[in-house]
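The following briefing is meant to be read with the model open alongside it.

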Amino acid sequence: MQRRSAARLGPLLLLLLLPLAWGEGPEPPRADGELQVSNRLAGQAARVALHYLNYRMGSPSALRALGQVRKATVKTIPGIGHKYYLQFITEDYKSSQNVGTCLATVLYLKRKPRPAVNINCTYTKDQKQTREDDYSFYKKMRQQTKPITGNDIPDSYGNIEPALEPAWALAVAGSSYLMWEKSTENLGYFMAQVKNVKQWITKDDSIDFDYLVVLHEIPTQEMISCHLRVIWTPGRPLKVKYFCLSENQRSESGEGSGTESGSTNGIFNEEEANF
Amino acid sequence: SVAGSSSSFLSSSVCSCCFVFTRDQVLRIRASSEEQIALLKELGELEDLQIDYWLSPAQPGLPVDARVPFRSLQAVKVFLESNTIPYTITINTLVCKKPTRPIYSWMDNLVTENPDLVSKIQIGQSYEKRPLYVLKFSTGGVNRPAIWIDTGIHSREWITQATGVWTANKIVTEYGKDASLTAILDTVDIFFEIVTNPDGFAYTHSTVSNRMWRKTRSINAGSSCRGVDPNRNWDAGFGGPGSSSNPCAETYHGPSPHSESEVKSIVDFVLSHGNVKALLSIHSYSQMLLFPYGYKAEPAPDHQELNDLAREAVAALAELHGTKYTYGSTIDTIYQADGTTIDWSYDNGIKYSYTFELRDTGRYGFLLPASQIIPTAEETWLALMKIMEHVRDNPY
């Protein structure tokens, strides 16, 4: 059953992909329906939902990565955009252990700058532990008299100095905001490396970092450098400012403070049937 | 043993990450003072101990990696402990260091130690005139059906060249021991190009800022940007939207199909061989097993068979460490890509054309830690075996 619908979608997907190859151009009509779980658009949408979740959770110890897509459907909303309905398994970003399932919708809008995400997840990791881990990193950074700095995290061989790992995780959380903002139906991102981290010692409650991060852009394969400023207090929304420079000298910037629309744990209003 | 005797060679050759198979150990030492640094330098000078510093003692706080032969281990450890210099042991894992000798010397050693099975062929030269070497694994015959495997076509995908080295060693170790591999090599030949893009590979080692280089290093006329994406340069859907016409882009297809000598050399070799039955091109990352097409959505005529075989191969892979792969046609599973290796090979009659995207799914990406190299190579081997068995059992 699934195979037949995929075969039907095949040629229509081609129509869709050609002008949309790099995220621009008019959109041809898309066939609505179920997608194969291995379909790249499903995986891409699930990642967008996770970027949003990781940003909103603002917890370096509770970052999640995509495990497997379990179900994916797409619907055209005429004049608005394409809406994905997803069910996927998540893994702990560091340990790759299964940490729960998510239901999410991702709406790629024609007019607004970023995808609209609603996501609701189960979480099987010990939340008390992650709060403690976050707090212990926070406390350690608050106690620094000399700002911490670092380069190339991970290094060329994939090593991450244990002392710098939480700062790297905070960079992932901060980059998640930026990756959510930049993602389109056809352009996706991974945080490839922290080229540079420098702490700002502050007098207020927060801890404050300047990062230079490198993002890997799919499908263009470009490596994009972005300056990221992340201000964090555990339990409060992450504050992120960014400024990116790409090979084509397009520069983009943005600012996030946790007040953007979207939801992570509200009442899920979607009909069961849409999933 | 073959693996044992090739190990010391392997461990000091230039794959950026090298294998230590013997009872020798690599110690990671942390000197915390100038005095300790001086002691380590003196230790390295004692000829009898034969210590080889992969990361030399330089400054306190920076890690020192010392390869210590088995017979010197006790003496070295006693020395370190009595001077309270902490160390950890890495055994049978991949340890990484700066290249000192070409990977080519490892290849020559493999050939010398296994003359009845392995030979080395040069199929051409890179843009910067580095030799393009292919290892031929053959038990005889004349122009037997062949399986082609390449790793490292995209230079930043370091897990692939490392997997290639491990796999080549695995083939020589298992021939004569594993019934299935032996049966494969008794009917088909394997051609294995491990450093398919040597200019790019050298460039990724040159400085930390070049680590992410993907393309060849050819000069593009009229542009300050170098390099062509060697996986967009093939004559199959060449120049389409699944590639870029901008020389500065990572997916720049080049001025014309096969403009890159790294690509042309393979084309010429495969076509003149005339009996290649499978082409497996190994990349990272994403954990995917892909088959044609990338340049069009129309399913390949052999879609069903390729899909079924892919399913079996990824199931076999997952059994070892639980690593999950997705699979399907390139265009459905990863993205539209034009001018790719496997679309070219498929359109030239090589039915079993697959692209592997190895670990991981984005946490480390191209910067996969050394600790994952052996597990990755081991699980990939199981998928490769499934495909090679199918090629053996389904001649066409």
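## Briefing on the predicted model

Of the 275 residues in chain A, 52% count as buried. This is a predicted model, and chain A in it has 4 helices and 11 strands. When contacts in chain A between residues at least 6 apart in sequence are considered, 59% of them join residues at least 24 apart.

**Contact between the chains**

- The size of an interface is often given as the accessible area lost when the parts come together.
- Here chain B and chain A bury about 3300 Å² between them, and 52% of that area is on carbon and sulfur atoms.
- On the chain B side, the residues that lose the most area to chain A are B:Y335, B:R363 and B:L367, which together make up 21% of what that side buries.
- The contact takes 44 residues from chain B and 41 residues from chain A.

**Nonpolar cores**

- In soluble globular proteins, nonpolar side chains tend to be buried together.
- In this model the largest nonpolar core has 80 residues, and B:L135, B:F137, B:W148 and B:Y354 are those with the most contacts inside it.
- Helix 12 of chain B, residues 373–393, gives this core its largest share, 10 residues.
- Leaving aside residues up to four places away in sequence, B:F137 touches B:L110, B:L117, B:V118, B:A168, B:I171, B:V172, B:L185, B:D189, B:I190 and B:F192.
- A second, separate core has 64 residues, including A:A45, A:L86, A:V117 and A:L164.

**Helix 3 of chain A**

- Helix 3 of chain A covers residues 127–142, and at 1.5 Å a residue its 16 residues should span 22 Å, which agrees with the 22 Å between its end C-alpha atoms.
- The buried residues of this helix are A:T130, A:D134, A:F137, A:Y138 and A:M141.
- Seen down the axis of helix 3 of chain A, these buried residues fall within an arc of 100 degrees, so they line one face of the helix.
- The cover over the buried residues of helix 3 of chain A includes helix 4 (165–182), strand 7 (188–200), strand 8 (207–218) and strand 9 (223–232) of chain A.
- At the start of the same helix 3 of chain A, a side-chain oxygen of A:D126 comes to within 3.0 Å of the backbone nitrogen of A:K128.

**Helix 3 of chain B**

- In helix 3 of chain B, residues 73–82, the residues B:L73, B:V76, B:K77 and B:L80 are buried.
- Viewed down the axis of helix 3 of chain B, its buried residues fall within an arc of 95 degrees, so they line one face of the helix.
- On the other side of helix 3 of chain B, B:Q74, B:V78 and B:S82 are exposed.
- B:T84, which follows helix 3 of chain B, has a positive phi near 45 degrees.

**Two individual positions**

- B:S180 is placed in helix 6 of chain B, residues 179–185, and with a relative accessible area of 19% B:S180 is buried, because buried means under 20%.
- Not counting residues up to four places away in sequence, B:S180 touches B:M385, B:E389 and B:R392.
- A:L245 is found in strand 10 of chain A, residues 239–245, and is partly exposed, with a relative accessible area of 40%.
- The C-alpha atoms of A:L245 and A:W232 are separated by 24 Å, and the two residues are 13 residues apart along the chain.

**Backbone features in loops of chain B**

- Most residues other than glycine have a negative phi, and most peptide bonds are trans.
- The peptide bond from B:S284 to B:Y285 is cis, with omega near -5 degrees, and B:Y285 lies in the loop between strand 11 (276–284) and strand 12 (288–291) of chain B.
- B:Q287 also lies in the loop between strand 11 and strand 12 of chain B, where B:Q287 has a positive phi of about 60 degrees although it is not a glycine.
- With 11% relative accessibility, B:Q287 counts as buried.
- B:R359 and B:D360 are joined by a cis peptide bond with omega about -5 degrees, and B:D360 lies in the loop between strand 14 (352–358) and helix 12 of chain B.
- B:K129, in the loop between strand 7 (118–125) and strand 8 (131–137) of chain B, has a positive phi near 70 degrees and is a residue other than glycine.
- At 56% relative accessibility, B:K129 counts as exposed.

Conventions. Residues are numbered from 1 along each chain as its sequence is written. Chains are lettered from A and ligands numbered from 1 in the order in which they are written. Side-chain values use heavy atoms; hydrogens and water are left out. A nonpolar core is a set of buried Ala, Val, Leu, Ile, Met, Phe, Trp, Tyr and Cys residues joined through side-chain atoms within 4.5 Å. Buried means under 20% relative accessible area, exposed over 50%, partly exposed in between (1.4 Å probe, protein chains only). Helices (H or I, at least four residues) and strands (E, at least two) are DSSP runs, numbered from the N terminus. Contact means heavy atoms within 4.5 Å. The expected span of a helix is 1.5 Å times one less than its number of residues. The arc is that of the directions from the helix axis to the C-beta atoms. A polar contact is a pair of N or O atoms within 3.5 Å; within protein, one must be able to donate a hydrogen and the other to accept it, and residues adjacent in sequence count only if both atoms are side-chain atoms. Buried area is the accessible area (1.4 Å probe) that two parts lose on being put together, summed over both.
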